[in-house]
Amino acid sequence: VKDDGRSRRVALVSDAVLNPPPDGPDVIGAVTDAGWGVIALPPPSLPAAATRAWAAGAADQARELARHGMTIVAVLDAADGAGRAALTDALAADPPLAVPSLVSAGDDLNAVGEFLAAHARG
Amino acid sequence: VSAARVAYVAGCLLNANAKVDEWAPCAGVHRGLLDLLRGRGFALRSLPCPELAFAGLTRFWQVREQYDTPAYRRHCAALAAPVAELVAADLAAGADVVLIGVDGSPSMGVRLTVSGPDWGGRPDKPGDFDGAIVPGRGIFVEVLLAEVAARGAGAVAATAVGMDLPDYDEARSFAALAGDLDAATAP
């Protein structure tokens with residue numbers, strides 16, 4: 001793939017990262033400004049079977065991006081256990097994809113920023 | 001649980017790394033779209049990029065006819081099913097739901113897609129591209145809306161950014177998008 005402005009860095013994120021509370025830190029804004037693309041998991045309200053199917057699709061996209069050398073990480077909300085479990089299982093499916101993950105409060109801007117900065121540097 | 005306004009956004013608008021070669025308009029998340037949607041109070045859901053996992057990152061510029069196969073439709077249906085379940089739940093909760101696709105895309109087009117019955121793909125000669133922008137939905141959008149309808153859910157407003165159109169003008173496209181969003185959420 002030629003240079004066309006893409007960052008070659010993608011974060012799998014919980015819904016709480018994509019949709020931070022209006023009165024909280026702007027996590028997705030920081031992720032955006034740092035140049036990462038995101039693939040988001042659904043909100044925890046989605047039933048488990050559908051969440052697993054959603055996560056399987058997200059993992060397959062991540063596999064394809066990783067296959068071409070892109071950096072893939074996960075930024076996951078500690079409160080969304082079902083989403084994290086679904087993503088873990090999906091990434092472990094064949095072919096497994098190891099993804100550095102940060103599990104934190106969805107609105108922990110400092111933790112997210114430091115984690116992404118460390119991985120952006122490779 | 002559900003927000004009052006929910007936007008289901010084409011995957012490449014939140015992750016430009018998924019775009020077909022040479023067409024990424026930004027590094028990752030489209031900041032202008034993010035600001036536009038959040039400024040209007042929308043919660044965001046990211047749609048999958050159906051082409052990425054099916055045809056791969058190095059897929060070339062394909063037209064709707066090339067993707068319109070039973071296997072690709074099954075792939076789209078598998079990806080669309082959990083999305084449709086969430087859309088149905090959002091609608092049942094009374095939310096205004098808007099799907100935001102990418103006009104000109106063979107998969108994500110909402111009003112316009114790309115057609116070329118004779119185009120087979122000549123990646124060494126992209127200048128020979130033989131396709132046309134035509135009215136119609138992309139394959140994934142068509143499948144997703146059918147999945148939503150099959151659940152007996154209400155109407156989903158659908159609009160698009162014209163990012164895959166040859167005459168794409170970002171300012172004009174986003175102004176039109178803003179108008180569509182306001183119309184979709186008008187009391």
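Where in chain B does B:V29 lie? Select it: B:V29 is in the loop between α1 (11-14) and α2 (31-39) of chain B. Keep in mind as you go that this is a predicted model.

Is B:V29 buried or exposed? Its relative accessible area is 5%, and the cut-off for buried is under 20%, so B:V29 counts as buried. To see what surrounds it, show the residues it touches, leaving aside those up to four places away in sequence. From chain A these are A:T32, A:W36, A:G37 and A:V38, and from chain B they are B:L13, B:L14 and B:L34. If you like a distance check, draw a line from the C-alpha of B:V29 to that of B:T58.

Next stop: the interface. Colour the two chains separately and pick out the contacts, which involve 39 residues of chain A and 35 residues of chain B. About 2900 Å² is buried between chain A and chain B, with carbon and sulfur atoms giving 61% of that area. On the chain A side, select A:R6, A:W54 and A:Q61, which lose the most area to chain B and together make up 20% of what that side buries.

How many salt bridges are there between chain A and chain B? The count is four. For a salt bridge to zoom in on, take B:R31 with A:D33, where the closest N and O atoms are 2.9 Å apart.

Now hide chain B and look at the sheet in chain A. Four strands make an open sheet, ordered β2-β1-β3-β4, with parallel pairing. At the edges stand β2 (37-40) and β4 (101-104) of chain A; each has a single partner strand, so one side of each has no neighbour in the sheet. From one strand to the next, the twist averages 20°.

Zoom in on β1 (residues 9-13) and β3 (residues 71-77) of chain A, a parallel pair joined by five bridges. Pick A:A11 and you will find its bridge partner in β3(A), A:V73. Then bring back the helices. Helix α3 (residues 48-67) of chain A lies across β1, β2 and β3 of chain A, at about 150° to β2(A). Helix α4 (residues 81-92) of chain A also packs on the sheet. It touches β1, β3 and β4 of chain A, and its direction makes about 155° with that of β3(A).

Follow β1 (residues 5-9) of chain B to β2(B), and you will find four bridges; B:V9 stands opposite B:S46.

B:C26 counts as buried, at 18% relative accessibility. Then try B:C76, whose nearest cysteine sulfur, that of B:C49, is 9.7 Å away. B:C76 is also buried, at 0% relative accessibility.

How values were computed: Residues are numbered from 1 along each chain as its sequence is written. Chains are lettered from A and ligands numbered from 1 in the order in which they are written. This is a predicted model: local features need pLDDT of at least 70, side-chain atom pairs count only at pLDDT 80 or more; totals for chains, interfaces and linings use all residues. Side-chain values use heavy atoms; hydrogens and water are left out. Two strands pair if DSSP finds at least two bridges between them. Helices (H or I, at least four residues) and strands (E, at least two) are DSSP runs, numbered from the N terminus. Buried means under 20% relative accessible area, exposed over 50%, partly exposed in between (1.4 Å probe, protein chains only). Contact means heavy atoms within 4.5 Å. A disulfide is a pair of cysteine sulfur atoms within 2.5 Å. Buried area is the accessible area (1.4 Å probe) that two parts lose on being put together, summed over both. A salt bridge is a side-chain nitrogen of Lys or Arg within 4 Å of a carboxyl oxygen of Asp or Glu. Axes are lines fitted to C-alpha atoms, for helices over the stretch in contact, and angles run from 0 to 180 degrees between N-to-C directions.
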